[in-house]
Amino acid sequence: MQLAQVVGTVVASVKSPGLEGVALLIVQPLDRGLAPVGGAVVAADAVQMAGPGELVYIVAAREASLAMPEPFVPVDHAIVGIVDAVTTSEGSP
Amino acid sequence: MKLARVVGTVISTINVPVYDGRTLLLCDLIAPDGSPGDGYLIAVDTVGAGAGETVLLIDEGNSARQILGATDAPVRTLIVGIVDVVEVSPGEGQESRAEAAPARPTRSRARAKPGPKPAPKAASTAEASTRRARSRRSA
């Protein structure tokens, strides 16, 4: 799992069966200092509460689709939690 | 499996139900000799690891779900062990033996007996010596 920030939303009216009603958000993966790392990806919102600007954690690969209401769907990144705080030994980033 | 060092925690109240009541730890990946590796991972703790400890990570979904006993959980990264010592067999150069820090017994002792904070005690000692010095001066 990795930290990411929601930077946008994706609206798709035609989706693969099983993805109806699933919010798709653009997330930017972050390093542990909360600096962007790599390119942004589209992630399905499994918590159904995340919105732009929020710090979340995402799970990738096959496990992402397991977070969906219908577990056999073509999803490879899913938001599985909204982060309240990240604490490190060097202090909060 | 991967070697990592626990560097912090991730606190979250809104999450997928499988994470309820579980500790998420921020783990920096490290090389066998203890030097920084490639990136970090957020892992679910299953062994009671703490900050600063070297741990063993699983980053594979089927194993993770099997350990948690949750067949359909969106979990992939778990802490499955706390490393005491990593020993790399000597190659061309010198022998490499990286002690995982801090040692586990030290941590358990620290947890079992919190003890009084040293700072106030030191302050009171300093105060006492000042008082002694003052009384000496007045006498």
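Q: How much area is buried between chain B and chain A, and what share do carbon and sulfur atoms give?
A: About 2,200 Å² is buried between the two chains, with 59% coming from carbon and sulfur atoms. Buried area here is the accessible area (1.4 Å probe) that two parts lose on being put together, summed over both. A word on the model you are looking at: it is predicted, so local features need pLDDT of at least 70 and side-chain atom pairs count only at pLDDT 80 or more, while totals for chains, interfaces and linings use all residues. Residues are numbered from 1 along each chain as its sequence is written, chains are lettered from A and ligands numbered from 1 in the order in which they are written, and side-chain values use heavy atoms, leaving out hydrogens and water.

Q: What makes the pair A:Glu63 and B:Arg65 a salt bridge?
A: The rule asks for a side-chain nitrogen of Lys or Arg within 4 Å of a carboxyl oxygen of Asp or Glu. The N to O distance for A:Glu63 and B:Arg65 is 3.3 Å, so the pair qualifies.

Q: Why is A:Glu63 called buried?
A: Buried means under 20% relative accessible area, exposed over 50%, and partly exposed in between (1.4 Å probe, protein chains only). A:Glu63 has a relative accessible area of 5%, so it is buried.

Q: Why does B:Arg76 count as partly exposed?
A: Its relative accessibility is 21%, so B:Arg76 falls in the partly exposed class. B:Arg76 also forms a salt bridge with A:Glu63, where the closest N and O atoms are 3.6 Å apart. That pair crosses between chains, with B:Arg76 in the loop between α1 and β6 (77–82) of chain B.

Q: Which residue of chain B meets B:Asp59 in a salt bridge?
A: The partner is B:Lys2, at 3.3 Å from N to O. The two lie 57 residues apart, B:Asp59 in strand β5 (residues 54–59) and B:Lys2 in strand β1 of chain B.

Q: Why is B:Asp59 placed in the buried class, and B:Lys2 in the partly exposed one?
A: B:Asp59 has a relative accessible area of 18%, so it is buried. B:Lys2 has 33% relative accessibility and therefore counts as partly exposed.

Q: Which residues are linked in a network of salt bridges?
A: The network links A:Glu63, B:Lys2, B:Asp59, B:Arg65 and B:Arg76.

Q: How many residues does each chain bring to the contact?
A: Chain B brings 28 residues and chain A brings 26 residues, where contact means heavy atoms within 4.5 Å.

Note on methods
Helices (H or I, at least four residues) and strands (E, at least two) are DSSP runs, numbered from the N terminus.
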